[in-house]
Amino acid sequence: MRGLTLEQAADKAGIKPAYFRYLMSQLNGTNLDLRTPPEPGERARRYSPQKLAAWIKNGKPLPASERTSVPEDTDAQTHVAGTAVRTTNGNGWTVSVEDPSILVEANTLQRAWSLSRMKAAEKLGIELEELVVDVTVEFPVEQAAHFETGRQLAAEAEATRLKAEQHRLEGIRGLVKAGWRNNEIAAAMGMTPQRIQQLLAGK
C-alpha cells in the first residue's frame, strides 16, 4: 500500500499542512523519519501510516535538539490560530495569536511556537496539554508565490501520475483477460512477476 501524501498525513495528525511540513523537516533524516522508502520516479516522498500513528501515539516528539512536543489532538483540546513571521533582521521569529491576543519573539520558530502555546494557555486559564496552536508560516510574497505554484504543479503531477497508473493497470488487466500469464506481462513490460501481482492486487 502506498503511503500518505503530506496533506493526508497532516490531516491525520490534526496539524495544518504548512506547520506539518515544518515539523517533518525536523524529523527527516533522523530516527524519527516518518517517510516511506523512496520509489523510482517519485517526485515527493510519502509518509508511512504506521510510523505516523506511532509518532502521534508517542506525543508527536521532535529530535533532541527541538525537544518540545506537539500535544496529541483530542476533542477536548482548544485550537487557536497563529501566524509566524521571520524577523526582518533575520535573527529570530515572531508568532502572533489573535484570540487570545499574544505576540512572542524567539530565536527559533520552534521556540516562538512553544512560547505562544504557554502564553495562550495561561491567558485562557487551561492546561498546556489542552491547547493546540495551529501556526501558519507567512513567507515573503515572492517566495510564497513560488511555493504556491509548486504546490499546484505537484498536485497536477500527482493527478497525472494516478491517472497514468490507472491506465497502466487497466492495460495489465486487459492482458490477463486476454490470457497472458503474469511472467509474460512482466517480461514484456520490464517488470517482475511479483510486481505485476502487486499491481493486480491494488498495492
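The second largest pocket of this predicted model has a volume of about 430 Å³. Of its 18 lining residues, Arg2, Glu165, Leu199, Gly202 and Lys203 are the closest to its centre. A pocket is here an open set of points on a 1 Å grid over the protein atoms alone, where a 1.4 Å probe fits, with protein on both sides within 12 Å along at least five of seven lines; lining residues have an atom within 4 Å of a point. The volume is the space filled by probe spheres set on the points, which are joined across faces, edges and corners. H5 and helix H7 (193-200) each supply at least two residues of this lining, and the largest share, six residues, comes from H5. Helices (H or I, at least four residues) and strands (E, at least two) are DSSP runs, numbered from the N terminus.

The largest pocket has a volume of about 1000 Å³ and is lined by 31 residues, of which Leu6, Glu7, Arg21, Ala44 and Ala154 lie nearest its centre. H5 gives the most to this lining, with 10 residues.

Four strands form an open sheet in the order E3-E2-E1-E4, with mixed pairing; two strands pair if DSSP finds at least two bridges between them. Strands E3 (102-106) and E4 (131-137) stand at the edges with a single partner strand each, so one side of each is left without a neighbour in the sheet. E1 (residues 78-86) and E2 (residues 93-97) pair in the antiparallel sense over five bridges, and Ala84 stands opposite Val95 in E2.

Residues are numbered from 1 along each chain as its sequence is written. Local features need pLDDT of at least 70, side-chain atom pairs count only at pLDDT 80 or more, and totals for chains, interfaces and linings use all residues, while side-chain values use heavy atoms, with hydrogens and water left out.
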